[in-house]
Amino acid sequence: MSLRVVHYINQFFAQIGGEEKADYAPEYREGAVGPGLALNAAFKGEAEVVGTVICGDSYFNENLDAAKATVLKMISDAKPDVVVCGPAFNAGRYGVACGTVAAAVKDELNLPVVTGMYEENPGADMFKNKVYIIATKNSAAGMRDAAPKMASLAIKLAKGEKIGASAEEGYMPNGLRVNFFEAERGSTRAVKMLLNKLAGKPYTTEFPMPSFDRVAPGAAITDLAHTTIALVTSGGIVPKGNPDHIESSSASKFGRYDISSFEDLTAADHETAHGGYDPVYANEDADRVLPVDVLRKMEKEGKIGGIYPYFFTTVGNGTAVASAKKYGEAIGKELRDAGIKAAILTST
Amino acid sequence: MVKEIERAGVTVVHMCTVTPISMTVGANRIVPTIAIPHPLGNPALTHEEEFELRYKLVEKALKAFETPVDDQTIFD
């Protein structure tokens, strides 16, 4: 008898809909749906997706505890031998959902579980030390590579077989160390590595240095009444018509727009360029993402000194960390040079 | 972006709905908001109620600016 697999996916991969359906509540369906078909092919008869749990990404993240409990019960009721979540590629909310479900399956149901996502997905950093996460490409085009790796690891886990190192199995390093004997001793390996390095050839370190990139909190602001606040958003708010054509995903730029004459943002003058959430509410009233109207009131009331005349905006949807870093540096530099000490950054 | 702006010496308050992501990216002052597509609003309310809701959320951000922190802090 083949192993029973239950698969967790979002509303998009279940072909229920895009962002307009992201508030879809959890649903159980018999058999494989969407990417489950690719998993079934990769299982080669050793395992089979017997059921699929579907949940909208916004629903899951906005109702974390309730959604997790419902999804977990659906999974448990289907009596799986192993659970597969995603893969989520570079979809942030989906990655967090897959990681949360996977960690709960492991901790609360004590079942083996595999998920998959792109290394820059925020779910990766949050969960890679807790569950096996297969490293995937950043878009669904990577399904062909991801499915065999996820399927193979799922079968091994379900059978209780020995799991190889992260580099062999394709999962993200999880900080666990295992003792083993190398074919060559350390000194030989070190000299070979050095020779490769000197010759400009590729080499792989055996001990990558961890990168803890944290910035110390900025100083508290003691006189807000005389402080000008800058507004920044990753929610894609732009002047109507998106004059600089900021992309709806994987943004290649940020925008800087004058708000000095605006008391209130309205559907007539501002909208969102973001393609990663349902834009209806932000298009109706962009203050729902960039709170210009209330800050103007606070300015009149003397609670704050004022609003920086320009706001900064990009679309935080599948945007590379390196790009976001670059935009942040440029924005930070302008604000510092202008003597600005405080910024509100809103994210969707 | 939060981190790089703060690195430049600007105190940043990050207002967002999925606070675990904000923690992961390294924001230091975090104010949780309403929902992903409308962090600072709620279309189910009247325009006036919504303004009031947004005003209160931004007041929390002002409080966050005024509060000295040593570590990542969520201002509920």
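**Exercise 1. Is Arg54(B) buried or exposed, and which residue does Arg54(B) meet in a salt bridge?**

Step 1. Start with accessibility: Arg54(B) has a relative accessible area of 1% and is therefore buried, where buried means under 20% relative accessible area, exposed over 50%, and partly exposed in between, with a 1.4 Å probe and protein chains only.

Step 2. Next comes the partner. Arg54(B) forms a salt bridge with Asp285(A), and the closest N and O atoms are 3.9 Å apart; the term asks for a side-chain nitrogen of Lys or Arg within 4 Å of a carboxyl oxygen of Asp or Glu.

Step 3. Helices (H or I, at least four residues) and strands (E, at least two) are DSSP runs, numbered from the N terminus.

Step 4. Finish with the other end: Asp285(A) counts as buried at 5% relative accessibility.

A note on the model before going on. This is a predicted model in which local features need pLDDT of at least 70 and side-chain atom pairs count only at pLDDT 80 or more, while totals for chains, interfaces and linings use all residues. Residues are numbered from 1 along each chain as its sequence is written, chains are lettered from A and ligands numbered from 1 in the order in which they are written, and side-chain values use heavy atoms, leaving out hydrogens and water.

**Exercise 2. How many salt bridges does the structure hold, and which residues are linked with Glu4(B) in a network?**

Step 1. Over all chains, the structure holds 27 salt bridges.

Step 2. Zoom in on one pair: Glu4(B) and Arg7(B) meet through their side chains at 3.0 Å, N to O. Both belong to helix 1 (residues 2-7) of chain B and lie three residues apart, about one turn of the helix.

Step 3. Now widen the view. The network of salt bridges links Glu4(B) and Arg7(B) with Lys3(B), Asp213(A), Lys325(A) and Glu329(A).

**Exercise 3. Where do Asp77(A) and Lys73(A) lie?**

Step 1. Asp77(A) and Lys73(A) form a salt bridge, with 2.7 Å between the closest N and O atoms.

Step 2. Both lie in helix 3 (residues 64-77) of chain A; they are four residues apart, so about one helical turn separates them.

Step 3. On accessibility, Asp77(A) counts as partly exposed at 48%, and Lys73(A) as exposed at 54%.

**Exercise 4. What is the strand order of the open sheet in chain A?**

Step 1. The six strands follow the order 2-3-1-4-5-6, with mixed pairing; two strands pair if DSSP finds at least two bridges between them.

Step 2. Find the edges: strand 2 (27-30) and strand 6 (132-135) of chain A each pair on one side only.

Step 3. From one strand to the next, the twist averages 25°. Axes here are lines fitted to C-alpha atoms, for helices over the stretch in contact, and angles run from 0 to 180 degrees between N-to-C directions.

Step 4. Helix 4 of chain A lies across strand 1, strand 4 and strand 5 of chain A, at about 165° to strand 5. Helix 4 of chain A is mostly covered, with 13 of its 17 residues buried.

**Exercise 5. Which handedness, right or left, do the two β-α-β units of chain B have?**

Step 1. Strand 1 (residues 11-16) and strand 2 of chain B run parallel, joined by four bridges. Val13(B) stands opposite Arg29(B).

Step 2. With helix 2 (residues 19-25) of chain B, these strands make a right-handed unit; right-handed means that, with the strands pointing away from the viewer, the path from the first strand over the helix to the second runs clockwise.

Step 3. Strand 2 of chain B also pairs with strand 3 (residues 73-74) of chain B, in the parallel sense over two bridges. Ile30(B) has Ile74(B) as its bridge partner there.

Step 4. Strand 2, helix 3 and strand 3 of chain B make a left-handed unit.

Conventions
Contact means heavy atoms within 4.5 Å.
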